[in-house]
Number of protein chains: 2
Amino acid sequence: MFRGDAVSSRGVTQRDFVLEVEGRTVPGVLWQPDAAAGTRPLVLLGHGGSGHKREEYILALARRLVRHLGFAAAAIDGPHHGDRRADGGLDRDAVWEERQRDRSGPDMTDAMVADWKAALNWLRGEIGPGPVGYWGLSMGTVYGLPFVTAEPRVEAAVLGLMGAAPGPVDDVYRERMRNRFAVDAPATEIPLLFLVQWDDELVAREDAIHLFGLFGSSRKAMHVNVGRHGAVPAVEYDASERFFEELLAPAPVGA
Amino acid sequence: MFRGDAVSSRGVTQRDFVLEVEGRTVPGVLWQPDAAAGTRPLVLLGHGGSGHKREEYILALARRLVRHLGFAAAAIDGPHHGDRRADGGLDRDAVWEERQRDRSGPDMTDAMVADWKAALNWLRGEIGPGPVGYWGLSMGTVYGLPFVTAEPRVEAAVLGLMGAAPGPVDDVYRERMRNRFAVDAPATEIPLLFLVQWDDELVAREDAIHLFGLFGSSRKAMHVNVGRHGAVPAVEYDASERFFEELLAPAPVGA
């Protein structure tokens, strides 16, 4: 259910929500056009490792999808991230350390997939059954790729900053992810845009390109830019917006 | 000099020209907005092997650059292509056969670079000293990459459908191109957009990706799409247009 008051800024209404899923408390946020009525496309935004549901690029992407396209956007915190933590998840180092420990522990993937599915169920109850997209890089792909293959309501996805055997991680985690992606990547059928950073210090470019090759989708594109893991250029946010506009927006009246 | 009359269609004036360069007759075509006056950005278009300066995708790209951006565009026929031939170059098989023989003969690269330079000199005399871009895939990259590294007036380029050691070709040609690209690719300094077809039957994807890695430009992006050599999707023509708009168009008044 919604938690706290709606806040409006330059045409965008932002509202927090919280869900109980299999005993977990899942904090989220929904962005919509002010005074939105009727159904509209929805893009789910998965943040990266050590981040949270309202970090800068997530917020910027949500706002442009609302302002430019009239879409809704929503994000939830990842496991051990953001408002799932008592400290709000703003201490990136503390989140990183806990996540490193967690990687050798139980696999959080199925839980996060369940959290996203529950969020999507609840969101469609609020905004109606419009087309759905998913956008998530790095950890947003670690959880997002299994989610989009498990969730037939997602019609298009932007993924990236990840390889077929993610690093730098311990061997248990690497093997677990490799096995998961080896099943989930070929199972994709929806249009995909996959982003790679040529100088990624966390993901080997060959491994990222290998993951792109594994995707089963008949429509998939890979955009490779120079720069490190965190330096995805602004043009790719433009490209993400255009991608969702093409695939999720209703056809213009008369078209 | 111009040859024949200007022809106008939906806002685009097309006019043939012909130049004498080092004893070669170089046929070209210039597209401009109707009643164009004053200088404007110019994009040079290099067609692919067995094609010619006015084939479908060259014509379509020229027209959109003129209509959408107010740019000028120009193309010249490649060696043994188009109006360099008595038959006009419309028999693709005959062009292909001659080109295969030519590959084992003298290197045409320096001649084509000289032809492009002469064309650019003449074109700037006609339309003024505006910013210049280059677009050319496959054979348009074989000749275009050496051209853009040899021609400091070119400020941005779209290249692609080519690897660091092109195929399928004989060993002499392959070695010649490998040696040329090994020098020219690292010498690039301008912004580049590089297009790759994941299922290219003529260029191995690993070899295309390798060529991308060789480029010296600090700003370079690679767009990879599924499909064969000749199946570059429409979105990449959109991307080419946006790329040149960003890099060559004058800043809006007041910006």
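Me: Hi! In chain B, at what angle do helix α1 and helix α8 pack, and how far apart are their axes?
Reply: Helix α1 (residues 56-69) and helix α8 (residues 234-248) of chain B pack at about 45°, and their axes are 11 Å apart. Axes here are lines fitted to C-alpha atoms, for helices over the stretch in contact, with angles running from 0 to 180 degrees between N-to-C directions. Helices are DSSP runs of H or I, at least four residues, numbered from the N terminus.

Me: Thanks! What should I know about the model itself?
Reply: It is a predicted model, where local features need pLDDT of at least 70 and side-chain atom pairs count only at pLDDT 80 or more, while totals for chains, interfaces and linings use all residues. Residues are numbered from 1 along each chain as its sequence is written, chains are lettered from A and ligands numbered from 1 in the order in which they are written, and side-chain values use heavy atoms, leaving out hydrogens and water.

Me: Is their crossing left-handed or right-handed?
Reply: The crossing of α1(B) and α8(B) is right-handed, meaning that the near helix is turned clockwise from the far one by less than a right angle.

Me: Which residues of α1(B) and α8(B) meet?
Reply: From α1(B), Tyr57(B), Leu61(B), Arg64(B), Leu65(B), His68(B) and Leu69(B) meet Tyr237(B), Asp238(B), Glu241(B), Phe244(B) and Glu245(B) of α8(B). Contact means heavy atoms within 4.5 Å. By class, this contact of α1(B) with α8(B) has six nonpolar, one polar and four charged residues (Ala, Val, Leu, Ile, Met, Phe, Trp, Tyr, Cys and Pro count as nonpolar, Asp, Glu, Lys and Arg as charged, the others, Gly among them, as polar).

Me: Last one: where is Asp110(A), and what does its side chain contact?
Reply: Asp110(A) is in helix α3 (residues 109-127) of chain A. A polar contact of 2.8 Å joins its side chain to that of Arg180(A) (a pair of N or O atoms within 3.5 Å, where within protein one must be able to donate a hydrogen and the other to accept it, and residues adjacent in sequence count only if both atoms are side-chain atoms).

Terms used
Helix = DSSP H or I, 4+ residues; strand = E, 2+ residues; numbered from the N terminus.
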